[in-house]
Amino acid sequence: MPPTVALTVTRYRPERESAPTMQTYEVPFRKDWVVLDALNYIKDRLDGTLSFRWSCRMGVCGSCGMMVNGSPKLTCAAFLSDSLPGPIRVEPLNYFPVVRDLVVEITDFMRKLKKVKPWIIREDERPLAEGEYRQTPDELDRYKQFSMCINCMLCYSACPIYGLEPSFIGPAAIALAQRYNMDSRDEGGRERLEILSEHDGIWQCTFVGECTKVCPKNVDPAGAIQQLKLTGAIHWLKTLLPWGRG
Amino acid sequence: MDLSACDVLVVGGGGAGLRAAIAVAETHPKLRIAVISKVYPMRSHTVSAEGGAAAVIKAGDTLDQHAYDTISGGDWLCDQDAVEAFVREAPEEMLRLEHWGCPWSRETDGHVAVRPFGGMTAQRTWFAADKTGFHMLHTLFQTTLKYDDAIQRYDESFVTRLLVDEGRCQGVVAIELATGKVQAITAKAVILCTGGCGKVFPFTTNANIKNGDGMALAYRAGAPLKDMEFVQYHPTGLPFTGILITEAARAEGGWLLNKDGYRYLQDYDLGKPEPTPVLRTMELGPRDRLSQCFVKEQEKGRTLEGPYGHYVHLDIRHLGEEVIDRKLPFVRELCHKYVGIDPVREMIPVRPVVHYMMGGIHTDIHGATPLPGLYAAGEAACVSINGANRLGSNSLTECLVFGARAGKAAAAFATSQEEPSPSLLAQATDEQRRLEEKFLRKLGGTERIATLRAEMHETMEESAGIYRAGAILEKAAEKLQSLQERSGNLSLDDHSYTFNTELTAALELSYMLDVAEAIVQSALKRRESRGSHQRTDYPDRDDKEFLRHSVAYRAADGPPRIEHLPATITRWPPAQRVYGR
Amino acid sequence: MSAESHYTPYHPRWYRRRVSVWWWLQNRAYAGFVLRELTSVFVALFAGVSLWQLRALAEGPEAYARFLARLGTPLFVILNTVAFLFILFHSITWFNLAPTAMVVRLRGKRLPDWVVVGMNYSAWLVLSGVVAFILLRG
């Protein structure tokens, strides 16, 4: 094991430069260090001007997504030893505008999350005094996987459609919609399907499948999208039948 | 200078903050609500909570039992009127969250499932696999998205100061991180839900963002901090990273073993070891006692030693793969990722790590601080329902109950207030100038943030750990004082306005130093041992002298002034705290 | 919460990276995806050849003999081999992706992926067997 490893990191200081550059730092190599530890070492000891997001360092808050050697990863879960040999390339998440160094702009993503109406939609709310909505473990299972999304946006960085057509709603937002669609307590499936069948919705997806590959929480957004395509297609076919409308 | 106005401003977008915002939106739909947070709401630290949230729901369980467990768990320092309100409102809050879509784990008939938890006499901890905080936070966040136009969000805006005028809190000054623009947001009521301050210590389950921001802001504005000496050490954190291994692992039946493979808790008046978990016994004892047992085992030389210090083993192998995958999947994932072991086949190395702050901004049972217009809820506040030690799974429920209470109280207050005065603009401009002079335009300086932070960590670890002593606390107080002075002469590399995280680190360091000082001084003045505050020089509980809260007021210079407030006792007179029998 | 958080949107200094026209050469997964999409060309080609075959059939035995001769020329043999390989690639990739789109539940539990994939391959084999039997028998 080498005593140090090189990290080549994107730098972008909009007040001084009009395009990003790369800067290389030498950090100690420890077998239980992740890329985030190396970045913190740089910030604490070598160069206080390096900006990046992080918080929980245990893979649940979704803040620290970056490109490590060309693949979107959570830097709190990407071990240095897995990214050898150096220099390890650390860049901001693909397909998002860069604000500064390794920090990207995510308001587009936030807007899309909201667009799919990710809340329980019901005709009538049951009063609290009647207790909880009953939901069997099997019913919970139907949407559980889709509820595990930590909003880390690695899937957006892996999706070439999002890169080429930034208006695409995107994997995580659609998976979140499906999470509610499949929740037995929700009645908003039709409403969401309308939104998702619009031009920038599910039909823009060409099933590259990379989103599911890079997802650190096994949400399987590609699955959610294809399942919705099937639901959408069947629903549309039904509307062709004279009794299928409404 | 950007100036905006709202009626109720919530600082912090975690469990308590989002619940408060929804409470205002639902009860006072005409009010303008704003939520300001230095991170996007789904990054708030509520997200890492694992084990569960307690509320009485099953037959055979009573509110009185929950109250008693909480009060005895808190070593009788809890305010019992607050605890009574808490246990009474908890079940409704949890059901409300269920109606909002929270994916609680279920029994086969579809009812919400509960699990046993440390210090509880009945099973009342609701859970969502072992990612309860994650699911609760995302449910709350997604529900707030429904309140279009009612709630204005200021994401990644770092609050640097409270605006106080005419004796009441009237807003905040904040930096919009992406652009470096300083904003003044005036409000008729402000609710601080900024969480705890675990990062004051070196080994903690807490995220990088837990720096006691709100506590320091309130402290500087004249609101006192209560019971700061009570720092909870969670008995099972991973060595090196400090990552939390949930109490649920013990609730499902995990054992704590020393280096001889012996369930050592039986030596410390926590009951007799049984093959399956028994409530309030052994591994289901309260967190402070379990952490203290670790230290005692270490002194006896019966803990294992590794590259990152001493540890013991948490054994869940006997639970079997099926149970672990169903009830503790995240634990398995974390162990595999960060320790390289499979808990189905190997034992997990664990040690106590700082986890929660029982102390915080002093509030009454409605979330109001002594400063009119300023409210607080969640871990940032101290109501106090947790007293000298918090029981696991009470904190997530606390966020909901007191988030809602503070929201409603703040909204009611806001409806009675006039628009904030224009003189606040002068304060805001002052603050902008301070930020420019002390940080952004400052050249030279000799102290590095990382160095001061490391020294603070070392001081706190040594003095405010599981066991404390007067002499060490005195030294620590002096050291912290010198660190405060040195922090006035920081050498900063980053003078940019765009997403300057060195600036935020410097501001966070200053918050942490204030909070650390309050912790050490409060610990120094409490000459007894109670709950999580254990003094080797005063090893007994002293109800005559110290059945009262420590209330710390910031002094213009020098150590804070520590005053006292008696703990509110209603129906449960102080008694012996007994577990295991 | 309002759709736009109070924020300075579209700041001119945010750097937007252009996506290169050669984006699909960046990694194996992307290249595989583009190849998979290209198979549609060969599916269309096969369809075209089949239509041509039908027309030749309709025009009588000499036309059909001419058609068969054409198909025997090196150009068409190579083209058909390449097309066949692409069609195989097309079928295999889509069968393997089937479980993602098709969630089959039996008694509340989701069928494992290999079962769904297996069902597709089995159906393919059976159908191929039937077609082969019909063709080779006569």
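This text walks through a predicted model of a complex, from overall confidence down to single residues.

Start with confidence. The predictor assigns the complex an ipTM of 0.96 and a pTM of 0.94. For chain C, the mean pLDDT is 85. In that chain, 90% of the residues reach 70 or more.

Now take chain B as a whole. Its secondary structure comes to 15 helices and 24 strands. The C-alpha trace spans about 65 × 55 × 50 Å along its principal axes. How does the radius of gyration sit against that of a compact globule? For 581 residues, such a globule would have a value near 25 Å; chain B has 23 Å, so the two agree. Burial is the next thing to check. Of the 581 residues in chain B, 63% are buried. Contacts tell of sequence range. Among contacts in chain B with a separation of 6 or more, 76% join residues 24 or more positions apart.

B:T46 sits in the loop between β3 (33-36) and β4 (53-54) of chain B. B:T46 and B:A16 are 30 residues apart in sequence, yet their C-alpha atoms are 8.8 Å apart in space.

Next comes the interface between chains A and B. Here 42 residues of chain A are in contact with 45 residues of chain B. The largest share comes from α3(A), with three residues. What is the make-up of this side by class? It has 16 nonpolar, eleven polar and 15 charged residues.

Backbone geometry deserves a look too. Begin with the cis peptide bonds. In chain A, a cis bond joins A:G86 and A:P87, with omega about -5°. A:P87 lies in the loop between β4 (71-74) and β5 (88-91) of chain A. In chain B, the peptide bond from B:V383 to B:S384 is cis, with omega near 5°. B:S384 belongs to the loop between β20 (381-382) and α10 (394-415) of chain B.

Then turn to phi. A:D220 is not a glycine, but its phi is positive, near 60°. Where is A:D220 placed? It is in the loop between α8 (210-214) and α9 (221-240) of chain A. With 22 other C-beta atoms within 10 Å, A:D220 is buried. B:W76 has a positive phi of about 65°, although it is not a glycine. This tryptophan is found in the loop between α2 (63-73) and α3 (80-99) of chain B. Why does B:W76 count as buried? Because 23 other C-beta atoms lie within 10 Å of its own, and the cut-off is 20 or more.

Technical notes:
Residues are numbered from 1 along each chain as its sequence is written. Chains are lettered from A and ligands numbered from 1 in the order in which they are written. This is a predicted model: local features need pLDDT of at least 70, side-chain atom pairs count only at pLDDT 80 or more; totals for chains, interfaces and linings use all residues. Helices (H or I, at least four residues) and strands (E, at least two) are DSSP runs, numbered from the N terminus. The radius of gyration is taken over C-alpha atoms; the globule rule is 2.2 Å times the number of residues to the power 0.38. A residue is buried if 20 or more other C-beta atoms lie within 10 Å of its own, exposed if 12 or fewer, and partly exposed in between; C-beta atoms are placed from the backbone. Two residues are in contact if their C-beta atoms, placed from the backbone, lie within 7 Å. pLDDT is the predictor's confidence in each residue, from 0 to 100. Ala, Val, Leu, Ile, Met, Phe, Trp, Tyr, Cys and Pro count as nonpolar, Asp, Glu, Lys and Arg as charged, and the others, Gly among them, as polar.
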